[in-house]
Amino acid sequence: MERTQIKREQDNGKMEEEVVCLRREIGLLPAVSFIIGTVVGSGIFIAPKGVLMNSGSVGLSLLVWALCGILSLFGALCYAELGTSFTKSGGHYTYLLETLGPLPAFLRLWVEFLFIRPAVASYVSLAFGRYVVEPLFAPCPAPTALIKLVSILGVTFVVAVNCWSVSMATRTQITLTFIKMFALVLIIIPGVIALAKGKTENFQNGFELDSITLDRLPLAFYNGLYAYGGWFYLNFVTEEVINPNRNIPLAIICSMVTVTVFYVLVNVAYYTMMTPAELLLSDAVAVTFANRALQGLAAVIPVLVALSCLGALNGGFFGSPRMLFVGAREGHWPPIFSMIHIQRRTPLPAVLFLYPLVVVMLITGEIYQLINFASFSRWFFIALATLGMLIHRYRFPHHPRPFKVPLAIAVTFTVVCFFIVGLSLYSDPWNTGRSCALTLTGVPVYYVTIYHFRVPRRLRKVFNYCSKQLQILLEVAQQEVQTY
């Protein structure tokens with residue numbers, strides 16, 4: 001009898017190991033590393049120039065950095081409530097689907113695949129390529145073709161890691177997060193030492209009222225919020241987080257408070273070694289700072305910044321494909337995207353099919369315009385998601401919410417998001433209008449392929465045949481158990 005029971009337990013254990021599904025492998029430390037590693041990219045090493053230029057003074061620029069951190073924390077707390085209320089992965093897509101319906105959710109998928117993810121990945125990978133290649137050719141300009149080649153190699157490495165193993169991707173993220181935090185500490189320590197020695201001349205007239213221009217102040221917030229971007233990526237992988245009701249809110253609070261404190265201290269360190277005028281003349285603020293404060297280690301800073309960019313790229317490729325994966329599982333995207341490698345247990349097609357789009361965008365070079373498109377669409381759908389959360393609270397007051405953000409925080413963040421969207425319509429109507437037009441191209445696609453399903457039979461046969469062949473080639477299958 002005991003032998004039979006032991007044999008059953010062994011068979012059950014074996015069956016659980018063989019089941020094709022995404023495993024819960026992300027604990028608290030990987031979750032914190034995932035958020036910090038995705039938020040801290042190239043922004044803190046480049047964006048200080050944009051914040052200072054548009055704020056007009058040292059004191060106000062530091063205030064902008066702190067307020068951007070608080071605003072990002074407010075948004076992350078709203079997403080912590082959404083992530084614990086709706087236990088599916090998928091982030092923005094899932095929350096829009098559950099609160100506002102299928103059309104806005106599909107449009108979020110549409111813009112994510114067409115230009116948000118490829119544009120953001122291209123931008124970050126180009127920064128990686130630039131920081132790897134440019135020091136080798138200094139003071140001469142580096143060849144553009146070589147920068148793009150190194151950028152493509154960086155993207156290829158990240159895609160390979162995320163296709164190979166979830167645990168390898170999380171270990172890579174933890175390692176790169178510790179490296180980038182070391183880079184920030186390397187900048188903060190000389191600044192603190194300089195402050196202790198009394199180098200405070202750049203802070204004495206911190207708030208120069210004459211130089212403040214209110215019409216440019218929102219642009220300072222844009223630059224600051226760009227450096228904090230990425231706080232929502234953990235919500236893309238909710239089904240893979242161990243004990244999400246505890247770990248998602250805890251990881252979000254720990255990581256965003258840490259990032260905000262570090263960002264403010266890094267900017268204070270910059271101003272101890274550089275005057276505002278010198279900072280405005282610098283294209284790479286961290287490198288200029290290192291040449292003054294860390295002369296023996298100046299050559300190390302570009303390498304650390306490059307690895308920081310690689311960490312942000314890895315975080316993006318780990319999280320974003322899960323949105324496409326969940327969209328396909330819900331029937332809003334081609335079914336091949338909802339399949340998992342039968343041995344690796346990774347959403348291989350969703351990761352792999354983003355790769356050619358990123359490479360094409362890198363080669364063609366139409367990246368900076370698309371970043372403007374991406375910013376508008378990203379903030380618009382974040383605003384819709386938090387508005388949906390407030391509507392869902394009103395309509396379903398008894399829905400289980402293990403973590404509930406204060407109403408004032410949710411309302412403040414939603415209003416600010418819509419203000420940012422409205423401001424971009426005013427300040428850059430051309431690019432914003434094109435972004436709206438590209439987003440709306442998804443409406444007829446939704447009605448033809450999903451709502452009414454009017455796809456010709458011959459086209460359907462070809463599509464199904466291609467999907468089947470890809471499934472065999474990539475060795476992928478649908479999830480066998482429900483993971484939410």
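**Surface patch, helix crossing and salt bridges**

Leu 136, Phe 137, Leu 146, Leu 149 and Leu 153 make a nonpolar surface patch of about 470 Å². The model is predicted, with local features requiring pLDDT of at least 70 and side-chain atom pairs counted only at pLDDT 80 or more, while totals for chains, interfaces and linings use all residues. Residues are numbered from 1 along each chain as its sequence is written, and side-chain values use heavy atoms, with hydrogens and water left out. Patches consist of residues with over 30% relative accessible area and no salt bridge, like charges being joined within 9 Å and nonpolar side chains (Val, Leu, Ile, Met, Phe, Trp, Tyr) within 5 Å. Areas were computed by the Shrake-Rupley method with a 1.4 Å probe, and for residues only the protein chains shown count as cover.

Helix H7 (102-137) and helix H8 (144-164) each supply at least two residues of this patch; helices are DSSP runs (H or I, at least four residues) and strands likewise (E, at least two), numbered from the N terminus. The greatest contribution is that of H8, with three residues. Leu 136 belongs to helix H7 and counts as exposed at 68% relative accessibility (buried is under 20% relative accessible area, exposed over 50%, partly exposed in between; 1.4 Å probe, protein chains only).

H7 also holds Glu 134 and Arg 130, four residues apart, about one turn of the helix. These two residues form a salt bridge with closest N and O atoms 3.8 Å apart, a salt bridge being a side-chain nitrogen of Lys or Arg within 4 Å of a carboxyl oxygen of Asp or Glu. Glu 134 is partly exposed at 36%, as is Arg 130 at 28%.

By this rule the count is 10 salt bridges. One of them joins the side chains of Lys 88 and Glu 330 (2.8 Å, N to O). This pair links distant parts of the chain, 242 residues apart: Lys 88 is in the loop between helix H5 (58-85) and helix H6 (92-99), and Glu 330 in the loop between H14 and strand E1 (339-341). Lys 88 is buried, at 14% relative accessible area, whereas Glu 330 is partly exposed at 28%.

Arg 329 and Glu 239 form a further salt bridge, with closest N and O atoms 2.6 Å apart. Arg 329 lies in helix H14, and Glu 239, 90 residues away, in the loop between helix H10 (217-228) and helix H11 (244-273). Arg 329 is partly exposed at 22%; Glu 239 is buried at 1%.
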